[in-house]
Amino acid sequence: MRLSAAINSFKSSNLISWKTTGKLQQTLAGCIELSGKTLHSGKVSKVKIWPVFAGEGRYFEFHSNLIPASIDFVRESLLCTTLCKDGYKIRTVEHLLSALEAKGIDNCRIQIQSLDSEDTEVEVPIFDGSANAWVEAIEQVGRKEALDRCGNNVEKLAPHLSEPFYVSRNDSFMVAFPASKVHISCGIDFPKVPAIGCQWFSSAALDDSYEKHIACSRTFCIYEEVEHMCSMGLIKGGSLDNAIVCSATKGWLNPPLRFPDEPCRHKVLDLIGDLSLFARSGSQGFPMARVISFK
């Protein structure tokens, strides 16, 4: 099944059902404000994340335009996840959304701006290449029960699969099986880069293990591919401070790694951010399922 068909299938009512998690929707207890250099454009952007009412979900605000953090607004892009609406683009949203999903921030307004007021696209800061900065900021301000505009709390729902789900492209695949809780197994394979090779990592992902074992894993790249990526106008802000870089012949250029399988763990971080985009109206986005992803 191709990706576009897979998305439509997943969103269809006969494949998923929304059930209560036994929890109430949450929002931030205060405002988060962070700024930093971005990975692909190399520009500096500023992000403010505000608490909002229950049922509003997560959404970006850019030049007074509201762009929901929803799969409905995803546009195909290279080496990052991009949201687009009415000609305005928000790039590299996956690390921030991963942290918000895993830390249970169901409703928030993400106000983002570039230093150039004429820009029609903006990118989320990369920081050290992980989700650590976002997790630490969320921990610092805390979270609270979100109330709707009438002052009532709202139960938090989650998508449940009614049958196994499978999507593939060449030798890459993802499969999800119905389950009572979230579990992720992720594999990567770089046969021409021995220092990475084939790796697998499994985690319950949305519990305390996220902060300890996933959030701090950094994005990575292959040194021999850097020149090609630069020629495509990508990674203008990339450096050894915001990514771990591996050479096919020399191994890791900026050790030490935080985990022996840090690249694979980072793919889990990205996957959580991407699947969070199935959220709606303050619900959980990541399906209650056993998800297995390869390459």
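This is a predicted model: local features need pLDDT of at least 70, side-chain atom pairs count only at pLDDT 80 or more; totals for chains, interfaces and linings use all residues.

Residues are numbered from 1 along each chain as its sequence is written, and side-chain values use heavy atoms, with hydrogens and water left out. The domain assignment gives domain 1 (22-157) and domain 2 (158-268); such bounds come from an automatic or database domain assignment. Helices (H or I, at least four residues) and strands (E, at least two) are DSSP runs, numbered from the N terminus.

**Domains**

- The C-alpha centres of domain 1 and domain 2 are 21 Å apart.
- Between the domains, 26 residues of domain 1 are in contact with 23 residues of domain 2, contact meaning heavy atoms within 4.5 Å.

**Second largest pocket**

- The second largest pocket has a volume of about 630 Å³.
- Pockets are found on a 1 Å grid over the protein atoms alone: a pocket is an open set of points where a 1.4 Å probe fits, with protein on both sides within 12 Å along at least five of seven lines, and lining residues have an atom within 4 Å of a point.
- Grid points are joined across faces, edges and corners, and a volume is the space filled by probe spheres set on the points.
- The lining of the second largest pocket has 25 residues, and K23, A102, R143, L206 and D207 lie nearest the centre.
- Two or more lining residues come from each of β1 (16-24), α2, α3, β13 (155-161) and α4.
- Strand β1 gives the most to this lining, with four residues.
- By class, the lining has eight nonpolar, seven polar and ten charged residues; Ala, Val, Leu, Ile, Met, Phe, Trp, Tyr, Cys and Pro count as nonpolar, Asp, Glu, Lys and Arg as charged, and the others, Gly among them, as polar.
- Each of domain 1 and domain 2 supplies at least three residues to the lining of the second largest pocket.

**Helix α3**

- Helix α3 spans residues 132-141, and N132, W134, V135, A137 and I138 in it are buried; buried means under 20% relative accessible area (1.4 Å probe, protein chains only).
- The buried residues of α3 pack against β2 (26-28), β3 (32-37), β4 (44-51), α2 (94-102) and α4 (209-213).
- Just after α3, G142 has a positive phi of about 80 degrees.

**Strands**

- Strands β1 and β13 run antiparallel and are joined by seven bridges; two strands pair if DSSP finds at least two bridges between them.
- In this pairing, I16 stands opposite L161 in β13.
- Five of the seven residues of β13 are buried, so β13 is largely enclosed by the rest of the structure.
- An open sheet of three strands has the order β18-β19-β20, with mixed pairing.
- Its edge strands are β18 (220-222) and β20, each of which pairs on one side only.
- Strand β19 (residues 244-247) pairs with β20 in the antiparallel sense over two bridges, and S247 stands opposite G251 in β20.

- Most residues other than glycine have a negative phi, and most peptide bonds are trans.
- L79 has a positive phi of about 60 degrees although it is not a glycine, and L79 is found in the loop between β7 (74-75) and β8 (82-85).
- T92, also not a glycine, has a positive phi of about 55 degrees.
- T92 lies in the loop between β9 (88-91) and α2, and is buried, with a relative accessible area of 5%.
- The peptide bond from P255 to P256 is cis, with omega near 5 degrees; P256 is in the loop between β20 (251-252) and α6 (262-275).

**Two buried residues**

- T81 lies in the loop between β7 and β8 and counts as buried at 11% relative accessibility.
- Not counting residues up to four places away in sequence, T81 touches I90, R91, T92, V93, E94, D274 and L277.
- S114 is in strand β10 (residues 108-114) and counts as buried at 13% relative accessibility.
- S114 touches K43, V44, F62, D119 and V122, not counting residues up to four places away in sequence.
- S114 and K46 are 68 residues apart in sequence and 6.5 Å apart in space, C-alpha to C-alpha.

How values were computed. Buried means under 20% relative accessible area, exposed over 50%, partly exposed in between (1.4 Å probe, protein chains only).
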